[in-house]
Amino acid sequence: MTSKFELSIISAESKVFEGEVESVLVPGMIGDFLVLSNHAPCISSIRPGFLEFSEGTSKKQRYFVSGGIIEVSNNVVSVLVDSAIAGDKIVKEDITTLIHEIDDKLSAGDIVNKDDLGLRKNDLEEALKQA
Amino acid sequence: MPSLKDLKIRIDSVKSTRKITKAMQMVAAAKLRKAQETAEKGRPYAEKMRAIVSNLASSAKNIAADNKFLGDGRNSKKFLLIVATAERGLCGGFNSSIVKLAKSRIAELTSQSKEIKILTIGKKGREQLNREFESLFIGHVDLSGEKNITIETARKISTDIISRFEVGEYEVAEIFYNKFASVISQIPSSYKLLPVSFNEKEVDATNVSFNFEPDEDEILNEVIPKSIATSIFSVLQENAASEQGSRMAAMDNATRNAGEMIDKLTIDFNRSRQAAITNELIEIISGAEAL
């Protein structure tokens, strides 16, 4: 029996999920990582991708998150994301739209963080394959 | 003495004005509730964001990271003042109180011979500042197309502000808005967006040492633009709620004033009518007596 910890997924406009979970698989900026209870305190940035967590015996839940930040401290995990869509509601078109948005921004030129956008696009294309 | 007909016309016109102000008050009340609700929903994100930035900041201080966004801005020479007002008028002193606060800050900075730039959000503030400070304007954000303020709008504004910061157009950014204290009270306030300085009190008391992935500097570069967007978002939301609250109070006042005016005019009207009747009677009686 694994012990549980608190997880809250908060987007800028509302609270998306709050509850006790057993594990969270986080798409970290430099690689996916799994958070279990009693994880060491850490702060990490998140790339666009799928965040997976399980509340126990039931099926795993999946959310598509479009980049953000995670804070783990004292068995409280807070995920701050720009937007989060539940895995069963996510449509491939949504991700495609995001990719197109980045394409538009890139073609518009005079963008300071060109590399960032390129990376984001790669992440999104990766996520699209998993969707 | 206005004639009976004139009085009647005036009463009718004040009555229709009262109808309009009453309607505006009710619309503002409905919008206020909505604005408050969205502001409420966005609060957990903003709070958590502030906590994370504080945590990051305290540990960044320990490793003495030299991040471009950090600092106290004490010796800065170039200031950017962001004046956030409404797109519409008829909301009491809402717009002018923000402008007044911004103007006093401009005067203060000018006396210290600092360089000032102004970015306006919302049409009304721009109109009021246009007369005196047109040469200081570097940009304007139009919110008239937005029914509700979205995080996207806030992000656009913050991207613009940050890119200006990065090229060194200014060193300190302050935003002026109305803080929503309650439905009847809004406090004009200012808030320093950049550079980010840390309040010792906000730092997590538990003092856990965090692991960072990637390192502090990179996370700061990622988080601070986000937290600025969040700050702007909550400022705009608060401003929107304040605007509706202020309009509601102003329209409530106007409705009440119109009611008083109608009462007064009605009394005048009744008196004139009575005077006319009395006059007619006197004429009839004195006519009859003459016979």
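## Strand pairing between the chains

Two strands pair if DSSP finds at least two bridges between them. In this predicted model, strand β5 of chain A and strand β6 (residues 211–213) of chain B meet that condition, with 3 bridges in the parallel sense. One of the residues involved is A:Cys42, whose bridge partner in β6(B) is B:Asn211.

## The contact between chain A and chain B

Chain A gives 22 residues to the contact between the chains, and chain B gives 24. On the side of chain A that touches chain B, four strands each supply at least two residues: β1 (5–11), β5, β6 and β7 (76–81). Of this side, β5(A) holds the largest share, at 4 residues.

Which classes of residue make up the side of chain A that touches chain B? There are 11 nonpolar, 8 polar and 3 charged residues.

## The contact between the domains of chain A

Chain A is assigned two domains: domain 1 covers 5–86 and domain 2 covers 92–130. Where they touch, domain 1 contributes 8 residues and domain 2 contributes 8 residues.

On the side of domain 1 that touches domain 2, the elements giving two or more residues are β5 (42–54) and β6 (61–73) of chain A. Which of the elements gives the most to this side? It is β5(A), with 4 residues. By class, the domain 1 side of this contact has 4 nonpolar, 3 polar and 1 charged residues.

## The place of β5(A)

Conventions: Residues are numbered from 1 along each chain as its sequence is written. Chains are lettered from A and ligands numbered from 1 in the order in which they are written. This is a predicted model: local features need pLDDT of at least 70, side-chain atom pairs count only at pLDDT 80 or more; totals for chains, interfaces and linings use all residues. Domain bounds come from an automatic or database domain assignment. Two residues are in contact if their C-beta atoms, placed from the backbone, lie within 7 Å. Ala, Val, Leu, Ile, Met, Phe, Trp, Tyr, Cys and Pro count as nonpolar, Asp, Glu, Lys and Arg as charged, and the others, Gly among them, as polar.
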